[in-house]
Structures are given as C-alpha cells and as structure tokens.
Number of protein chains: 2
Amino acid sequence: MPPRFDFTITASDGRARTGIIATRRGEIRTPAFMPVGTAATVKAMKPADVRAGGADIILGNTYHLMLRPGAERVARLGGLHAFMRWDRPILTDSGGYQVMSLSELTTRSENGVAFRSHLDGSRHLLTPERSIEIQRLLGSTITMAFDELVPTTSPREVQAAAMERSMRWAKRSHDAFFGAEAHAADNAIFGIQQGALDEGLRRASADALTDIGFDGYAIGGLAVGEGQEAMFACLDYAPAQLPTGQPRYLMGVGKPDDIVGAVERGVDMFDCVLPTRSGRTGQAFTRNGPINIRNARFAEDQAPLDPASPTAGWSKGYLHHLVKSGEMLGAMLMTEHNLWFYQQLMADLRAAISAGRLAAFASAFRAAYRGGQGE
Amino acid sequence: MPPRFDFTITASDGRARTGIIATRRGEIRTPAFMPVGTAATVKAMKPADVRAGGADIILGNTYHLMLRPGAERVARLGGLHAFMRWDRPILTDSGGYQVMSLSELTTRSENGVAFRSHLDGSRHLLTPERSIEIQRLLGSTITMAFDELVPTTSPREVQAAAMERSMRWAKRSHDAFFGAEAHAADNAIFGIQQGALDEGLRRASADALTDIGFDGYAIGGLAVGEGQEAMFACLDYAPAQLPTGQPRYLMGVGKPDDIVGAVERGVDMFDCVLPTRSGRTGQAFTRNGPINIRNARFAEDQAPLDPASPTAGWSKGYLHHLVKSGEMLGAMLMTEHNLWFYQQLMADLRAAISAGRLAAFASAFRAAYRGGQGE
C-alpha cells in the first residue's frame, strides 16, 4: 500500500525543489499545478482529459460543495472521487476564503463564520470543526485548515489578530482532522500561513503551524491584489520560514510567470482558476504570452495554438469561430489547451530543476512570454 | 478507391430496409441518424466522441455557415471536414428551411430568397446556384437541393406553387452541382420531395425529382408541427413514391418513436436537433422514455442513465447536480448520452430488420418507451 503521505525531494536548484508527494490515491509530481474543480467538475472538462493533460491532483471547494449539492449528499453518493469520477488525489480548500469573498452577511466570532449562501440566502455556519467534517465527508486527500482572511490593506493589528485567530483555528482543525481516525489514517492535512505582507507576522504564523505539526504548509493571503512585485517580495522570505522537508503550497496562484517566480522561491504546489476561466472567455496561454482568440487576426489563422497541444488538430481560425459563435466546444477546447499549457510549464520546471538549469529556463521563459504579450 | 456514391440494401422487412451507403468519405449504415452540427460543431461534443457514439455521418447547415464564418472562409481553411476535424461524410442542408424560419425580411422570387441575417442584419441572397456553391465550398459529401418551404397550413394552391417552384429549383440545383465537375466527381446530391400532406402533390414532386435524377431523395416539409399521426399518414405513401434503390431521408425527424415509425415505413436517413438540444436543457432519453434530470427524485440516484452508455461512470445524481448548477459538463455528458441513445436505437433497428423481426422490436420499444414516459 502506498504511504498515507510522504514528500521526497529528488533535486534542488537554488531555492527551488522538485520531488514526489506520495498518497494513497497516487503520486503528485512537484512543482505541481492543481486545476480547480469548484463544484465537483473542472469546468468544461471530462476528468479523463484533465488527467491526460498532465494533472496529478485537482482541487475541490468546500464552500461551493457544502451549499450544492451538500457534503452529506456527496458522501451518500460515494464521496467526491466517485461522484465526479476522479480517482487520483483531491485537495479541498477549507471554505475560509470563499466565505469571505462570495457569501453575504457574514458574522465572524472566535467560534467561526456565520453567513448566508450566495445561491439561495440560506443561513450556514462554518467553524474549523465543521469545515474539517465537510472535507472528510467529501473524502478529501489533502484537507486544508480553516482560516480567517482579512484584506491585505487592513491595519497591521487587524492582520495580526486574524493571523493569531487563524493559528488557533489551525489547532482546532488539526485536532478535528486527527479525531476522525479512519479518514486521518489514509489522508493528510495542511496548515495555512497567514500574516499578509509582514515578515514578522509570517514568521510567527510559520512557527505556530510548525509547533502544531502538519503534513504540508500553504502560504495563504497572497494573490489577492497586491501585485507580483509585492508577492515576490513576500515569497523571498515566506517559504524559507516553513519546514524544508514538507510541501509548500501557494494558494490561488497564478499567472504563468507568477508560477515560475514562485517556484524559483521554493514553492511546490499551486492552484488557480486562470487557465479554466480564461478558456471560457477566449484567452489562450502560449509560450509567447496570452492571446485573445476573438481577435480578428486569428479568423483565418491555420496554425494551432501549439503544435504539441491536445487541441493541435484544430486551427486558431476554428477556435476563433467557435468562441465568436458562443459554441460550447470553444470553451471546451480552449480550457483543454490552457490546462495542458500549465501542466507543460510545470513539467518544464521540474525538468529544469532536475537538470540544474532553472535560472536559464526561467529567463528564457520570461523573455518569450513577456516579450510576446499581445503577439 | 471507394465509389462516389452507392446504396446497397442488405435486408428488408416489410417496407423497412437496412443497408450501406458507400461514399469517398466512408460508409453510412442505414437506417442512419445524423447528429446536427449546425455551426461546424455538434454542440458540446468533440468530433471523436460523436464518432465513438456510433455516428457515421453528421449534418452541417448552409444558412448558419454562410453567415458565420462564411463559406469562402471555410474553404480557405480547408473545407468543413478539416475545419471541424470530422473526416467522415457530411450532409449539408441547402438553407431553404432556415432562411424561412430564422432570417428576417425575406423576399421570395423565382430567382431565390433575399433576406437579412438574424445575426447582424446584413443582406444576403440565396438562389439554387448559390446554395450549391456554398455547399461545394464547404466540401459537402451529400449536397441538398435548394427548395422553397411554406407552412403546412397554407392553402393547397400555395402548397402546389411552392412545390412546383421547388422542382424548378431542384433542376437548377442539379445542374449547378454537376456543373462543378471536380466536386461532383467525388460527392452526391439529393433532391427534396415537397407537397405537404397532399398525396397528389407528393406524387407529382416525386415524379419531377425522379425525372431529374438524384443520388438520393429527401422527404421535406414534415415534422413542422403537423403531429405524428399526420406525419405517419403521409409516410404511408410518400416513401413508396420515391425510387426503391436509393436512400430516402426524412428531414428534421425526430423523437425516438417518430424514427421507429418512419423506419417501418421505409425511411433510411434522419437528422434532428432533439438529442443535442435536449442534452443542453436537462432531458435524457432512456428506453423507458425521456426523463428530466433536474427532477428532485434524481438527486441521490446512484444509477447511471444506462449501464451501456458512455456516461455510465457517472450517476444520475451527479448529472442532476451538474445540470442544476449550470455546469458545462452537464450539457456535455447529457448530449453524449443522448447521441449514444439515438445511435443505439439505429443499431437496434438495423439488427431487427436484418433478423426479420422489426415489428416485434418496434412493438416492444414503443411499449417500454411510451409506457415509461415520465418514469
């Protein structure tokens, strides 16, 4: 039987690392990108095509699934893996971020967050214990601790208080997770570092989490509008505050060049809606930067988005037609391409780290990607 | 090299026949159902999945494609087969039906139909010659003659005049088709019988078309609101008015039990948006009749729509969740199931005719399908 959870670093290059996370559900090659499967589906994709594109793990959303179809219902239908037909690892977020960004009339207390559903106005309560229970009902492979988010523009004392509460909630999350022994015996839980852009708060958060002890550590509270420069400045110290031997997951990141810079700074895991959401709005990622396929100059372009893409059989002219016509196949093929592009980038990053040539790869990638913006 | 066009009847059972249409693009097993690929895509489906579901041929729409992306553009991008990546036969309609049902400010004359696009109000003219040219630019395997449609409720003299004009247009379509020798050497053209629900007009139309000589014959002007009983009454004589040795294509039909009844009456080919359109609105076809997957009784149904369906890995409970959530994957899987259901029905009909047990099959099918409505 594969281990419950194990992280092996196979090569390092500067602060960057490449390795393998082993779980009961299979291995995850790092650095890893996790496609987002919010409502028990990676939008516009069949699970087999998500896997064929190179994904080892996907992400599911506690907040969305607790509201529809409901965690208990998913459990009765066999858990999230069977429900959506993805048998490899699934990481579930804790709902902490979505409850603040999507729901209405939220009321925070030391116990948790009370809110109204954005779907039907119904009342709900998320606590660390309920978030962990929901993730267990979903059958999550990697559970995330429940945390409290505040805007990065909040005063330092607000940031500090939210971080400190998040650390108390991290302990409650940890205890709730390991209190359900059968699920904990086969699955893992990550803590989430908070502290906004303050190195001292980040240090205190990392120390608190390490004292509790988690299988991996996420860097939370970034990619929320602070910009790449500020994010990279934080990543110049935040990953090194976390244990070296365990995976580091930068939540909600990001654009391809964000990912490259974060990998250079020691991050192992990523998730972002960008490749899937962009695929539904006509943006395609290419090595020469993102393009808007609706642009008239693609109307008779006979070349594919990339000759190695799973969508290489179709021309940009065809994709232009589909997207302009509002055809679902346009969203399907654009999403498939974008997810492949992201997974190809991760494979390239892993190979570059293994070969000890990450700096050269990253430099060449950025030159082509940024130089070609709006090609 | 396979023949340009050849129809071999391999078995008959009563008025029903089963056989093979051979074309340069491959064989079509009859009775055949053609999924509708209006705008160069069978909506929500990859072409490989359309084929895997059992389709030998799909339909493309002259009216939609002439307006967007334009026939000349499709030709410059390699023709419809390469454009959408479907290398098997494609039948294109002539635009005659859509121009009357979708466009605005139509003006009919002996020359053709002038109209405004429903997309942008631009002015266009469709004549028999231009319709055939468009279908040639698309690279159609089976071209349809351009015809004039009038409501089935029109007075007999209006029906007669429209049928007679359609026959003059059929001759112009035929001559335009064979005037382009390179395309005609590799592809086929069908005439379209008109005459509404009048046996005499249908007879006159069939005679006129047979005099011109086509590769196959469509029965037009049905499935436009007259009801199954009236349609079957027409099909009790209309197919027999057409040549026995050539394919008979009932345009725009239909529901599963419409198809069974039409096959019993000697029809070989069908097209309809029903399986694809229904798939996008939550209706699934089953042997026990159509069901609306949005119904609450499916919320925790662990069974698939059909254990033999390509969607059998997913429960009705999952499909219910996807459709209720407006997820694209819901439309994708429901469409895939419905197309498979239709193709499975055609395979069952072919097998029943070959075995000389069509009456028993049709009777059992109707009992289960109608008896189970709203299961």
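The largest cavity in this predicted model has a volume of about 80 Å³. In total, the structure holds 6 cavities of 30 Å³ or more. The lining of the largest cavity draws on both chains: chain A is represented by A:Ala44, A:Met45, A:Lys46, A:Asp49 and A:Met332, and chain B by B:Ala44, B:Met45, B:Lys46, B:Asp49, B:Met332 and B:Glu336.

Chain A is superposed on chain B by a rotation of 180° with 0.0 Å of shift along its axis, at an RMSD of 0.0 Å. The two copies are therefore related as by a two-fold rotation axis. Within chain A, the C-alpha nearest this axis belongs to A:Met328, at 3.8 Å from it. Both copies use the same surface, in that 100% of the contact residues of chain A recur in chain B.

The largest nonpolar core contains 182 residues, and the most contacts inside it are made by A:Phe270, B:Leu250 and B:Phe270. Leaving aside residues up to four places away in sequence, B:Leu250 touches B:Ile219, B:Leu222, B:Met231, B:Leu235, B:Ala262, B:Val267, B:Met269, B:Phe270 and B:Asp271.

In chain A, helix α12 spans residues 256-264 and is mostly covered, with 8 of its 9 residues buried. The buried residues of α12(A) are A:Pro256, A:Asp257, A:Asp258, A:Ile259, A:Val260, A:Gly261, A:Ala262 and A:Val263. Just after α12(A), A:Gly266 adopts a positive phi of about 100°.

How values were computed. Residues are numbered from 1 along each chain as its sequence is written. Chains are lettered from A and ligands numbered from 1 in the order in which they are written. This is a predicted model: local features need pLDDT of at least 70, side-chain atom pairs count only at pLDDT 80 or more; totals for chains, interfaces and linings use all residues. Side-chain values use heavy atoms; hydrogens and water are left out. Copies are superposed by least squares on the C-alpha atoms of residues with pLDDT of at least 70 in both. Contact means heavy atoms within 4.5 Å. A nonpolar core is a set of buried Ala, Val, Leu, Ile, Met, Phe, Trp, Tyr and Cys residues joined through side-chain atoms within 4.5 Å. Buried means under 20% relative accessible area, exposed over 50%, partly exposed in between (1.4 Å probe, protein chains only). Helices (H or I, at least four residues) and strands (E, at least two) are DSSP runs, numbered from the N terminus. On a 1 Å grid over the protein atoms alone, a cavity is a set of points where a 1.4 Å probe fits but cannot get out, and a pocket is an open set with protein on both sides within 12 Å along at least five of seven lines; lining residues have an atom within 4 Å of a point. Grid points are joined across faces, edges and corners, and a volume is the space filled by probe spheres set on the points.
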